[in-house]
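The sequence and coordinates come next.

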Amino acid sequence: MNSRSVFYWLIGIVIAAIAMVAAFHFDHAMLNFIAQHQDRLANKVMKSVSRFGDWPEHFALGLLLAGIAWWRGSKKWTRIFLAMLIALALAGAAGHVIKLTTGRARPSVKSEEVWNGPRLSSKFHAFPSGHVAASTAFFAVLFFANWRIGLACLPIPLLIGFSRMYVAAHYLSDVVFAAVLGILCAILVARLLIPSLFRPMFEPPEQKNQPPRR
């Protein structure tokens, strides 16, 4: 790993740490804001987004896109869509393990303790948001492959994250941590399956007009 990639990793770690600290700080402020802005229509829309923004819908979309790419003979995009599916699965599995371990009560659950340790009940599976982790990992791989298309799809995980908070299923910190987890899973999968996406980012620029080495 060269100095340039180390610098990018350090910057990313600092940004993620600041985002997590800020998210935990504003957890209850966000809950209060949402509670004060409840609307019947918005509530119906957010429930629909939350229902259809889960991993099965993402997985079905990824399979469809991979099938189309394979049918059209595009090895590059077939690999990209398969990487999106693997990143989604990895983020979902990692998030589920963390959920079971931490046992954080959902905002809608009245509990004396927010963190309850290992629990099997879904009422104590708030941290992190599985919806957001899966969606972020899915579309982050797409962003690495083509930043214009990925940027256009960015509102999807953002909307899913807000919907999960709106229906009182998650705190802000659950959503932010899930997004960080999804990005990490996407980076891991993309670097293993599509390393060419990261070479221009981490390799030093070519030096022009240099005399040949003797």
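## Backbone features in the loops

At 24% relative accessibility, alanine 168 counts as partly exposed, a class that runs between buried (under 20% relative accessible area) and exposed (over 50%), computed with a 1.4 Å probe on protein chains only. The model is predicted: local features need pLDDT of at least 70, side-chain atom pairs count only at pLDDT 80 or more, and totals for chains, interfaces and linings use all residues. Residues are numbered from 1 along each chain as its sequence is written, and side-chain values use heavy atoms, with hydrogens and water left out.

Alanine 168 sits in the loop between H8 and H9. Its phi is positive, about 65°, although the residue is not a glycine. Most residues other than glycine have a negative phi, and most peptide bonds are trans. A cis peptide bond is present between phenylalanine 127 and proline 128, with omega about -5°. Proline 128 belongs to the loop between H5 and H6.

Histidine 125 also lies in the loop between H5 and H6. Is histidine 125 buried or exposed? Histidine 125 is buried, at a relative accessible area of 6%. Apart from neighbours within four places in sequence, histidine 125 is in contact (heavy atoms within 4.5 Å) with Lys99, Leu100, Arg104, Arg106, Arg119, Leu120 and His170.

## Overall layout

The chain has 10 helices and 0 strands, where helices (H or I, at least four residues) and strands (E, at least two) are DSSP runs numbered from the N terminus. Its C-alpha atoms fill a box of roughly 75 × 40 × 30 Å along the principal axes. Of its 214 residues, 36% count as buried. Among contacts between residues at least 6 apart in sequence, 71% join residues at least 24 apart.

Two packed helices are described by the angle between their axes and the distance between the axes. Axes are lines fitted to C-alpha atoms, for helices over the stretch in contact, and angles run from 0 to 180 degrees between N-to-C directions.

| Pair | Angle | Axis distance |
|---|---|---|
| H1 (residues 3-25) and H9 (residues 172-193) | about 160° | 7 Å |
| H5 and H9 | roughly 135° | within 8 Å |

H1 and H9 are therefore roughly antiparallel, whereas H5 and H9 are oblique; angles under 35 degrees count as roughly parallel, over 145 as roughly antiparallel, 65 to 115 as roughly perpendicular and the rest as oblique.

On the H1 side, the residues that meet H9 include Trp9, Met20 and Phe24; on the H9 side, Val176, Leu184 and Arg191 are among them. By class, this contact has 12 nonpolar, 1 polar and 1 charged residues. Here Ala, Val, Leu, Ile, Met, Phe, Trp, Tyr, Cys and Pro count as nonpolar, Asp, Glu, Lys and Arg as charged, and the others, Gly among them, as polar.

From H5, residues including Arg79, Ile86, Leu90 and Gly95 meet residues of H9, among them Leu181, Cys185 and Val189. The contact of H5 with H9 has 14 nonpolar, 2 polar and 1 charged residues.

## The nonpolar core

A nonpolar core is a set of buried Ala, Val, Leu, Ile, Met, Phe, Trp, Tyr and Cys residues joined through side-chain atoms within 4.5 Å. The largest one has 39 residues, and those with the most contacts inside it are Met84, Phe138 and Val141. H6 gives the largest share of this core, 10 residues. Not counting residues up to four places away in sequence, phenylalanine 138 touches His58, Leu61, Gly62, Met84, Leu85 and Leu88.
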